[in-house]
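Here are my notes on this one, in the order I'd go through them on screen. Have the viewer open as you read.

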Amino acid sequence: MTNIAVFGANGRMGRALCKASINNESTELVCAAVRANNELLGQAVKHFINQGDSTVTFSDETSVSADTDVIIDFTLPVGMKKHLAYAVAHNIPMVIGTTGLTAEDMAELKTAAKSIPIVFSRNYSVGINLLENLVKTAAKTLADDIDIEIFELHHKHKIDAPSGTALMIGEAIAEAKGWQHDEVAVFDRSKDEQTKSQKEIGYSVMRGGDIVGEHTAYFAADGERLELTHKASSRMTFAKGAVRAAAWLHNKPVGLYTMQDVLGFR
Ligand SMILES: NC(=O)C1=CN([C@@H]2O[C@H](COP(=O)(O)OP(=O)(O)OC[C@H]3O[C@@H](n4cnc5c(N)ncnc54)[C@H](OP(=O)(O)O)[C@@H]3O)[C@@H](O)[C@H]2O)C=CC1
Ligand SMILES: O=C(O)C1=N[C@H](C(=O)O)C[C@H](O)C1
């Protein structure tokens, strides 16, 4: 059994993670942590997530249950870094899904993974992790005159853009092509006064309503176009994946892992 503490437990993903931790037969939710000023402190989690059989109450993120085996964090970069420091200080493995991280944030995460085991993925669905491998095959197989674009759609509350998943897909394509992602990523064409170059990965973003998350990688040539699309229709998909990652991570050696490792894809 893996005892899980969910940080940011009142968030959209936090709620789904609490539910998934309760419902997975290899895991138990032992702690639902929120910020010290949160009005939910002390209230029963089961009422909040409509899950009848948990006795856990919301607790302060600075004092996590002593029997925690793995912390899960889907918050914001500033929160994630605070929670990462807590996990390192208390020697607790961590599953991280927070997106919008800078290169400096990633460097911090990699340093932390030298003292605790960490799974970090910008998408915990099985489908996107398979898509990551499919786009690599497409990028390697298709001729050099292909134009590559990534389009993502998310709900109106999402802060970071492009999504972490879109960047993950773009980075996978760049790696397969032998390109430096930073050199080929194009986020804005509004000031371009010339046509695109062949060595580009263009990103487009749509935000609206309650869209859970959709990603398409386009490989467009003269005369044909390949579109590889993934559509998530429930946050429980990501939550179940992250809880699966937590159970997998429990008792693993120190190091930085991804969902590709959890799924046995590499
Ligand atoms: N990797 C994946 O598969 C997925 C990743 N995500 C990512 O997960 C993250 C959260 O998304 P979502 O649940 O929709 O967002 P929400 O806005 O619903 O939740 C954010 C949570 O983070 C907490 N938080 C924010 N700032 C801090 C802080 N400084 N310290 C502590 N806690 C903080 C919030 O607490 P409070 O209410 O107190 O502000 C809240 O609980 C995003 O980065 C998103 O991109 C989402 C889905 C899948
Ligand atoms: O914020 C979200 O909702 C999501 N964020 C992740 C991302 O940035 O890729 C994953 C998923 O698409 C949902």
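1. A word on handedness before the helix pairs: a crossing is left-handed if the near helix is turned anticlockwise from the far one by less than a right angle, and right-handed if clockwise. Please also keep in mind that this is a predicted model.

2. Start with H3 (residues 77-89) and H4 (residues 103-112), whose axes come within 11 Å and cross at roughly 15°. Angles under 35 degrees count as roughly parallel, so H3 is roughly parallel to H4. The crossing of this pair, H3 and H4, is left-handed. On the H3 side the contact is made by Pro77, Met80, Lys81, Leu84 and Val88, and on the H4 side by Asp105, Glu108, Leu109 and Ala112. Sorted by class, the residues of the H3 and H4 contact are 6 nonpolar and 3 charged, with no polar ones.

3. Next, H1 (residues 12-23) against H8 (residues 235-249). Their axes are 8 Å apart and the packing angle is about 55°, which makes H1 oblique to H8. H1 passes H8 in a right-handed crossing. From H1, the contact takes in Arg12, Met13, Ala16, Leu17, Lys19, Ala20 and Ser21; from H8, the partners are Arg235, Met236, Phe238, Ala239, Lys240, Ala242 and Val243. The class count for H1 with H8 is 9 nonpolar, 1 polar and 4 charged residues.

4. What about H5 (residues 126-141) and H6: at what angle do they cross? Roughly 35°, with the axes coming within 8 Å. The crossing of H5 over H6 is right-handed. H5 brings Ile128, Asn129, Leu131, Glu132, Val135, Lys136, Ala139 and Lys140 to the contact, where they meet Thr165, Met168, Ile169, Ala172, Ile173, Glu175, Ala176 and Lys177 of H6. In this H5 and H6 contact, 9 residues are nonpolar, 2 polar and 5 charged.

5. Ligand 1 is surrounded by 24 residues, the closest being Asn10, Arg12, Met13, Lys82 and Thr99. For polar contacts, look at Asn10, where a polar side-chain atom lies 2.7 Å from an oxygen atom of ligand 1. The backbone takes part too: a polar backbone atom of Arg122 is 3.2 Å from a nitrogen atom of ligand 1, and a backbone N or O atom of Tyr124 lies 3.0 Å from an oxygen atom of ligand 1.

6. Ligand 2 has 13 residues around it, and His154, His155, Lys158, Gly164 and Thr165 are the closest. Thr165 has a polar side-chain atom 2.5 Å from an oxygen atom of ligand 2. For His155, the distance from a polar side-chain atom to an oxygen atom of ligand 2 is 2.8 Å. Gly164 uses its backbone, with a polar atom there 2.9 Å from an oxygen atom of ligand 2.

7. Two backbone details deserve a look. Most residues other than glycine have a negative phi, and most peptide bonds are trans. Against that, Asn91 has a positive phi of about 55° although it is not a glycine; Asn91 sits in the loop between H3 and strand E5 (94-96). And the peptide bond from Ala161 to Pro162 is cis, with omega near -10°. Where is Pro162? In the loop between strand E7 (147-154) and helix H6 (164-177).

Technical notes:
Residues are numbered from 1 along each chain as its sequence is written. Chains are lettered from A and ligands numbered from 1 in the order in which they are written. This is a predicted model: local features need pLDDT of at least 70, side-chain atom pairs count only at pLDDT 80 or more; totals for chains, interfaces and linings use all residues. Side-chain values use heavy atoms; hydrogens and water are left out. Axes are lines fitted to C-alpha atoms, for helices over the stretch in contact, and angles run from 0 to 180 degrees between N-to-C directions. Helices (H or I, at least four residues) and strands (E, at least two) are DSSP runs, numbered from the N terminus. Angles under 35 degrees count as roughly parallel, over 145 as roughly antiparallel, 65 to 115 as roughly perpendicular and the rest as oblique. Contact means heavy atoms within 4.5 Å. Ala, Val, Leu, Ile, Met, Phe, Trp, Tyr, Cys and Pro count as nonpolar, Asp, Glu, Lys and Arg as charged, and the others, Gly among them, as polar. A residue is near a molecule or strand if one of its heavy atoms lies within 4 Å of it. A polar contact is a pair of N or O atoms within 3.5 Å; within protein, one must be able to donate a hydrogen and the other to accept it, and residues adjacent in sequence count only if both atoms are side-chain atoms.
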